[in-house]
Amino acid sequence: MGHRREQPQFPKPYDFVPFTEQQDQQRPFGHQAFHLQDTLSGRVVVTIELQTLLHISSGSYALSEDLGLKAGFVIKDMYKVLRNGIAVPAIPGSTLKGGVRTLVEAVTNSCLIAVPGKLRRKLPRSQGRSCGGNQLCPACALFGAMGQLARVSFSDALFVSGDSEIFRLPSLYRTRAEDSYQYVDANDRLKGRKFYLHGIPQRHREGGYAEAIKAGSVLRGNIDFTNLTPAELGLLCFGLGLDNSFQLALGGGKPLAMGRVKITAQELQLQQTASFLEYETGNAVLAGNVLTTAVADYITQADPLLQDVQLEAVRRILDPNNQRPAPTGTY
Ligand SMILES: [Zn+2]
């Protein structure tokens with residue numbers, strides 16, 4: 001009574017994908033029923049088209065005058081790689097891999113690789129078994145685990161076209177005691193995996209300055225894969241959002257609806273000898289309509305791995321058509 005509590009101005013810009021009922025764990029690849037010669041190895045060449053501003057921090061700062069701007073302020077640098085002596089904006093392979101893995105973990109009966117120790121006891125009973133040795137969930141089998149090499153490897157995606165800009169990155173989140181209850185259900189168990197909702201980014205008048213790549217810019221990268229089953233290649237394609245039913249968010253400012261990307265397969269290079277389907281015979285480079293058909297086909301083969309409830313939640317939370325304005329104040 002009479003106790004004034006600061007109310008958040010904006011609804012929480014995130015939601016939860018519920019955990020699956022179980023974790024599936026299999027023996028590592030090579031111990032299973034299928035044979036190496038029936039697997040697929042090769043490369044997916046992807047283009048990444050920024051739908052909203054993307055900021056991936058380099059971890060360092062630049063002086064505004066060094067960037068040819070009005071002197072006197074400090075700017076959070078964005079990630080770049082040197083190509084022929086030129087610093088090119090890029091998305092680190094690890095960033096893209098992390099985004100795809102989290103998505104794949106959420107929609108399959110996989111373990112949680114990144115749970116802070118103090119939260120582990122709040123996991124539902126179906127979760128929390130970790131992978132390694134002879135036990136691998138679908139995500140660990142693909143992306144690696146303790147003692148298990150990944151069978152997919154992501155290159156840095158390099159800037160191809162577009163522009164960069166300096167923007168302000170406010171810190172809108174304030175820790176409040178009641179916030180911890182956002183994450184757990186009535187039984188004090190974690191609600192699920194947290195994903196930020198997409199929306200329309202807003203201009204901010206406060207916060208530190210940071211350099212970012214503008215919406216509409218295009219980057220390109222490669223994903224190499226080794227000895228995947230067709231279903232696993234489908235899972236990788238799905239995780240990238242190649243079925244167009246959702247879009248991933250990468251980098252900083254996700255609460256501000258930043259970093260939404262549309263990923264498109266440009267080319268699929270297959271170096272294998274199996275002949276599951278006609279287009280897979282021999283070494284092949286798939287592009288255009290043949291590639292579109294092949295990707296859809298692989299994703300269909302991943303269907304038994306995908307969990308309906310989680311799939312629906314991912315598509316709702318990561319709906320690229322969400323017109324919600326991103327928060328401009330604390331949430
Ligand atoms: Zn696992």
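Which residue in S11 does Ile 75 stand opposite? I opened the entry with this point and found Tyr 209 in S11 facing Ile 75. I note at the outset that the model is predicted.

**Overall composition**

I looked up the secondary structure of the chain and recorded 6 helices and 15 strands. I then checked burial: of the 331 residues in the chain, 37% are buried. For contacts with a separation of 6 or more, I noted that 80% are between residues 24 or more positions apart.

**The sheet around S4 and S11**

I returned to the strands of the opening question. Strand S4 covers residues 74-78 and strand S11 covers residues 208-213. I found 2 bridges joining them, and the two strands run parallel. They belong to an open sheet of 4 strands, which I read in the order S3-S4-S11-S9 with mixed pairing. The edges are formed by strand S3 (57-63) and strand S9 (164-169), each of which pairs on one side only. I recorded an average twist of 35° from one strand to the next.

**Gln 202**

I next located Gln 202 in the loop between strand S10 (192-196) and S11. Is Gln 202 buried, exposed or partly exposed? I count it as partly exposed, because 13 other C-beta atoms lie within 10 Å, and a buried residue would need 20 or more, an exposed one 12 or fewer. I then looked for its partners beyond four places in sequence and listed Pro 325, Ala 326 and Thr 328 as contacts. I also looked up Pro 327, which is 125 residues from Gln 202 along the chain; the C-alpha atoms of the two are separated by 7.5 Å.

**Helix H1**

I examined helix H1, residues 93-107, which has 15 residues. From its first C-alpha to its last it reaches 22 Å, close to the 21 Å expected at 1.5 Å a residue. I listed its buried residues, among them Leu 96, Gly 99, Arg 101, Glu 105 and Val 107.

**H4 against H5**

How do helix H4 and helix H5 pack, in angle and in distance between their axes? For H4 (residues 230-239) and H5 (residues 288-301), I recorded an angle of about 110° and axes 7 Å apart. H4 is therefore roughly perpendicular to H5, since angles of 65 to 115 degrees count as such. On the H4 side I listed Pro 230, Ala 231, Leu 233, Gly 234, Cys 237 and Phe 238. These meet Val 295, Tyr 298, Ile 299, Thr 300 and Gln 301 in H5. I classified the residues of this contact as 8 nonpolar, 3 polar and no charged.

Conventions. Residues numbered from 1 in each chain as written. Predicted model: local features only at pLDDT ≥ 70, side-chain atom pairs only at ≥ 80, totals over all residues. Expected span 1.5 Å × (residues − 1). Pairing = 2+ DSSP bridges. Axes fitted to C-alpha atoms, helices over the stretch in contact; angles between N-to-C directions. Contact = placed C-beta atoms within 7 Å. Parallel < 35°, antiparallel > 145°, perpendicular 65-115°, else oblique. Nonpolar A, V, L, I, M, F, W, Y, C, P; charged D, E, K, R; others polar.
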